[in-house]
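Trainee: Please put the model up, and I will ask about its contacts and surfaces.

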Amino acid sequence: MRDNDLLIEAQRQFSICNACRYCEGYCAVFPALEQKTEFAEADMEYLGSLCHDCRGCYQACMYAPPHEYAVNIPKLLSQVRSETYRRHAVPGLLAGAFARPWLAFVVAALVAAIAMVSGTALRGSPAVLATPQTGAGAFYRVIPYLAMVIPALLLSAWSIVAMLRGVMRFANEQRAVGNLAGEGSILNALWDGLALTYLRGGGGGCFYPEADTPRAGRRWAHVILVLGIFSAFIATMVAAVFQDVAGWVAPYPWVSAPVIFGSVGGVGMIIGSCGLLALKRRSAPGLAAQESGILDVAFLWQLLGVAATGMLLLFTRSTVLMGTALVVHLCFVAALFATAPYGKFVHALYRLVALTAYLRREAINGDGELR
Ligand code: SF4
Ligand code: SF4
């Protein structure tokens with residue numbers, strides 16, 4: 001469906017919701033849309049980023065298919081989100097990666113693998129990949145410290161700049177339809193985003209076709225995954241301080257902050273992403289745009305791959321498999337960072353902006369109005 005068709009369809013379905021108003025207590029989307037009768041592109045993107053795809057409104061809707069009105073707000077808003085990500089992609093040339101997240105990830109991982117293996121060959125030590133390495137500096141005898149750190153910093157900087165530029169375009173458009181900045185709005189929005197306030201869908205959680213009542217499983221799996229990512233991030237930061245400030249060179253003992261935080265993070269990411277993948281299989285795929293579903297699943301598998309290869313490296317670090325496990329893990333991490341601006345990760349940023357706008361407009365107008 002082209003942009004304009006999507007806008008016309010959104011206008012049609014939102015008009016029905018405005019007349020009905022049954023779902024106004026379900027999430028932030030309905031109080032926001034009820035304040036408008038005409039919807040521009042920025043309004044539609046705002047509503048799309050407020051939606052958490054809990055499917056509560058579809059389950060409750062008396063006008064959902066096979067009714068002739070064919071109201072399907074979760075599918076409509078997932079189409080809007082896909083268009084939003086593509087429209088604000090930086091650089092625009094890479095916007096197509098949103099439609100092919102697997103291809104983008106595999107290409108990035110292969111480039112990283114070729115660079116690492118050929119770097120090892122150029123140093124004249126390819127055998128190091130299949131030789132047990134132990135003691136301080138074991139990892140750096142496989143991939144030298146600077147060859148790890150410099151690409152990691154460059155990739156992180158690229159990823160952060162591309163994502164922030166894209167989300168700032170979105171934020172600027174939202175500013176055009178309302179005053180985004182305001183005391184406490186961003187912090188409150190951050191809390192609503194992290195606490196998944198609106199994932200309850202007006203009740204106990206998300207809806208699945210085979211269940212009569214909403215289920216909280218998606219919320220819990222999401223929380224475990226996010227905590228796992230935070231724990232892995234803390235492990236990386238602590239390891240950097242150990243390495244670059246205290247001069248303690250990796251690998252670290254089992255009972256040390258980097259290994260404990262890293263293990264908790266890895267297990268959390270594995271449990272969270274497996275839980276979300278299992279729930280995804282049980283959800284009705286027809287209630288989301290195809291591209292949006294592919295993006296979700298690809299991102300979960302990528303996170304699972306990073307966590308699983310990290311745990312593999314931990315358990316093989318004193319064996320002959322360490323060199324290969326290290327290269328594979330670094331390839332997954334590099335590909336995750338390189339493709340983050342063109343994957344599901346951007347939803348967290350767009351959602352933060354949309355929630356900030358919603359809370360700010362509520363504070364100004366008392367009703368989340370799009371002005
Ligand atoms: S989704 Fe259906 S039930 Fe909910 S407000 Fe819209 S028309 Fe009414
Ligand atoms: S968050 Fe849930 S209730 Fe709200 S619009 Fe999205 S699917 Fe519907």
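Mentor: Start with K280, which is partly exposed at 23% relative accessibility; buried means under 20% relative accessible area, exposed over 50%, and partly exposed in between, with a 1.4 Å probe and protein chains only. This is a predicted model, where local features need pLDDT of at least 70 and side-chain atom pairs count only at pLDDT 80 or more, while totals for chains, interfaces and linings use all residues. Residues are numbered from 1 along each chain as its sequence is written, chains are lettered from A and ligands numbered from 1 in the order in which they are written, and side-chain values use heavy atoms, with hydrogens and water left out.

Trainee: With which residue does K280 form a salt bridge?

Mentor: A salt bridge is a side-chain nitrogen of Lys or Arg within 4 Å of a carboxyl oxygen of Asp or Glu. Side chains of opposite charge can pair when their charged atoms come close. The closest N and O atoms here are 2.7 Å apart, and the partner of K280 is D296.

Trainee: Is D296 buried or exposed?

Mentor: The relative accessible area of D296 is 12%. The limit for that class is under 20%, so D296 is buried.

Trainee: How many residues apart in sequence are the parts that the pair of K280 and D296 ties together?

Mentor: Helices (H or I, at least four residues) and strands (E, at least two) are DSSP runs, numbered from the N terminus. K280 lies in helix α11 (residues 257-282) and D296 in helix α12 (residues 290-316). The pair therefore ties together parts whose separation in sequence is 16 residues.

Trainee: What are the relative accessible areas of R55 and D53?

Mentor: R55 is buried, and D53 is buried as well. The values are 6% for R55 and 9% for D53.

Trainee: How do the residues of the shell around ligand 2 divide?

Mentor: A residue is near a molecule if one of its heavy atoms lies within 4 Å of it. The residues around ligand 2 are Y26, C27, V29, F30, C51, H52, D53, C54, R55, C57, I73 and P74. The elements that give two or more residues to this shell are α2 (29-33) and α5 (73-87). With Ala, Val, Leu, Ile, Met, Phe, Trp, Tyr, Cys and Pro counted as nonpolar, Asp, Glu, Lys and Arg as charged, and the others, Gly among them, as polar, the shell divides into nine nonpolar, one polar and two charged.

Trainee: At what distance does the side chain of R218 reach the backbone oxygen of D53?

Mentor: R218 is in helix α10 and counts as buried at 18%. A polar contact is a pair of N or O atoms within 3.5 Å; within protein, one must be able to donate a hydrogen and the other to accept it, and residues adjacent in sequence count only if both atoms are side-chain atoms. The side chain of R218 reaches the backbone oxygen of H52 at 3.1 Å. For the backbone oxygen of D53, the distance is 3.2 Å.

Trainee: Which backbone oxygen does the side chain of N18 reach?

Mentor: N18 is in helix α1 (residues 3-20) and counts as buried at 14%. The side chain of N18 makes its contact at 3.5 Å, with the backbone oxygen of L33.

Trainee: Which helix gives the most to the nonpolar patch?

Mentor: Patches are made of residues with over 30% relative accessible area and no salt bridge, like charges being joined within 9 Å and nonpolar side chains (Val, Leu, Ile, Met, Phe, Trp, Tyr) within 5 Å. L187, L190, L194, L227 and F230 form this one, with about 510 Å² of accessible area together, by the Shrake-Rupley method with a 1.4 Å probe, where for residues only the protein chains shown count as cover. α9 (185-194) and α10 (217-246) each supply at least two residues. The most, three residues, comes from α9.
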